[in-house]
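This report describes selected features of a protein chain. The sequence and the coordinates are shown first, and the description follows.

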Amino acid sequence: MLARRGPEPAELLAALPVAVMVVDADGRIAQANAECELMLNLSERAMRGRSIGDVLPLPDEAAIREGRAFTAFDLALETSRGLRIRVDLAAVELVDHPGWRAITLHHAANSRRLGHSADRAAAARSAVGAAAMLAHEIKNPLSSIRGAAQLIADGAEPGDLTTLVIDEVDRVTALIDRMEDFTDTRPLTVEPLNIYPLLAHVRDAALAGFARGIDIQERFDPSLPRALANRDALLQVLINLMKNAATALGQRGERRITLTTSYRHGMAVAPGPGRPRSPLPIEICVVDTGPGAPEDIAEHLFDPFVSSRPEGKGLGLALVDKLVRDMGGIVQYSREGTPNETVFRILLPRAS
């Protein structure tokens with residue numbers, strides 16, 4: 001009986017759930033897997049052949065070049081494109097290739113999680129957050145409704161009191177509707193979509209309402225092909241991100257939001273655990289000049305009930321993440337450029 005042939009090394013590298021890049025004896029990147037592309041927001045094609053320092057400057061690049069073992073924990077790095085990451089890094093020599101190194105990168109926050117107990121703790125925090133938020137948001141309108149009912153019972157003219165009751169009931173209903181968005185597991189219908197009319201609609205709606213007085217600029221790739229997306233879902237995602245940006249800008253300093261599009265050649269990532277690696281070349285970014293998220297919550301922005309604002313519900317970005325993933329894409333948060341700007345990046349499949 002013939003032995004069954006195992007997967008090729010390149011297939012194994014691509015399947016690893018850890019960011020890995022292979023560096024040759026001259027310190028140039030020879031390979032990078034999908035997780036590495038996602039972490040560095042750069043395709044393997046763009047990295048291949050470049051010096052490691054040109055892509056990701058390291059604090060002890062000489063140690064990697066000289067073949068010494070190198071490990072660093074909770075390391076703050078900045079890519080050549082201005083993307084800031086905090087990682088645990090390890091470099092090991094490839095036995096059969098003298099001078100060649102494999103470098104692994106783990107998100108520092110993720111590497112601190114201790115198995116299932118941490119997952120259970122995170123789930124518990126989400127449940128506690130949901131209960132606290134619902135209790136707070138529902139208790140206030142119920143108090144108003146009870147007070148209005150008491151006044152009417154004491155002989156007060158209904159008048160404006162009935163309007164107050166209706167408004168408060170509508171507010172509770174709207175909150176419950178938003179919560180139900182997360183329980184909708186029906187697959188989204190995606191179709192070839194020209195995103196530019198959609199972006200124009202989002203810009204006009206923002207300028208007419210929540211972003212009035214804010215400078216909204218556009219940097220578009222005019223040759224961008226159609227995306228594979230759901231129009232209503234993408235519209236909701238972009239409106240949410242624009243509102244988030246407008247709120248973050250406040251009333252001080254330079255108030256600018258920039259909408260950008262580009263085609264990312266060679267960008268292919270796995271949208272989620274257990275999902276196959278697929279090309280996501282259509283990039284849409286919402287960029288603002290605000291201060292960004294506090295460092296202690298930046299890595300959890302897309303978790304439910306996480307918000308940097310006292311009045312925030314922590315549902316907007318969680319819903320953005322769900323809708324983008326339902327369309328087969330991913331959404332990322334980063335601080336990039338000089339001076340730093342806040343970037344929400346959406347990556348979507350191209351329509352065939």
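The model is a predicted one, in which local features require pLDDT of at least 70 and side-chain atom pairs count only at pLDDT 80 or more, while totals for chains, interfaces and linings use all residues. Residues are numbered from 1 along each chain as its sequence is written, and side-chain values use heavy atoms, with hydrogens and water left out.

Gln236 belongs to helix α10; helices (H or I, at least four residues) and strands (E, at least two) are DSSP runs numbered from the N terminus. The C-alpha atoms of Gln236 and Val202 are 9.2 Å apart in space, although 34 residues separate Gln236 from Val202 in sequence.

Two packed helices are described by the angle between their axes and the distance between the axes. For helix α9 (residues 195-208) and helix α10 (residues 231-249), the axes come within 10 Å and cross at roughly 40 degrees. Axes here are lines fitted to C-alpha atoms, for helices over the stretch in contact, with angles from 0 to 180 degrees between N-to-C directions. Helix α9 is therefore oblique to α10, given that angles under 35 degrees count as roughly parallel, over 145 as roughly antiparallel, 65 to 115 as roughly perpendicular and the rest as oblique. On the α9 side, the contact (heavy atoms within 4.5 Å) is made by residues including Ile195, Leu198, Val202 and Ala205. On the α10 side, the contributors include Arg231, Leu235, Leu238 and Met242.

## Aromatic cluster

Ring pairs link Phe302, Tyr333 and Phe344 into a cluster. Rings of Phe, Tyr and Trp (its six-membered ring) pair if their centres lie within 6.5 Å; planes under 30 degrees apart count as stacked, over 60 as edge-to-face and the rest as tilted. By this rule the count is three aromatic pairs. The rings of Phe302 and Phe344 are edge-to-face, because their centres are 6.2 Å apart and their planes stand at 90 degrees. Phe302 lies in the loop between β12 (282-288) and α11, and Phe344 in strand β14 (residues 341-348), so this pair ties together parts that are 42 residues apart in sequence.

Tyr333 and Phe344 form a tilted pair, 5.3 Å centre to centre with 50 degrees between the planes. Since Tyr333 lies in strand β13 (residues 330-336) and Phe344 in strand β14, the pair ties together parts that are 11 residues apart in sequence. Tyr333 is buried at a relative accessible area of 18%, and Phe344 is buried at 3%. Phe302 is buried as well.

## Helix α11

Eight of the 11 residues of helix α11 (residues 316-326) are buried, so the helix is largely enclosed by the rest of the structure. Among these buried residues are Leu317, Asp321, Lys322 and Val324. Just after α11, Gly328 adopts a positive phi of about 85 degrees.

## Asn41

Asn41 also has a positive phi, of about 55 degrees, although it is not a glycine. Asn41 lies in the loop between α2 (34-40) and α3 (44-47) and is buried, with a relative accessible area of 5%.

## The chain overall

The secondary structure comprises 11 helices and 14 strands. Of the 352 residues, 40% count as buried. Among contacts with a separation of 6 or more, 61% involve residues 24 or more positions apart.

Conventions:
Buried < 20%, exposed > 50% of the residue type's maximum accessible area, 1.4 Å probe, protein only.
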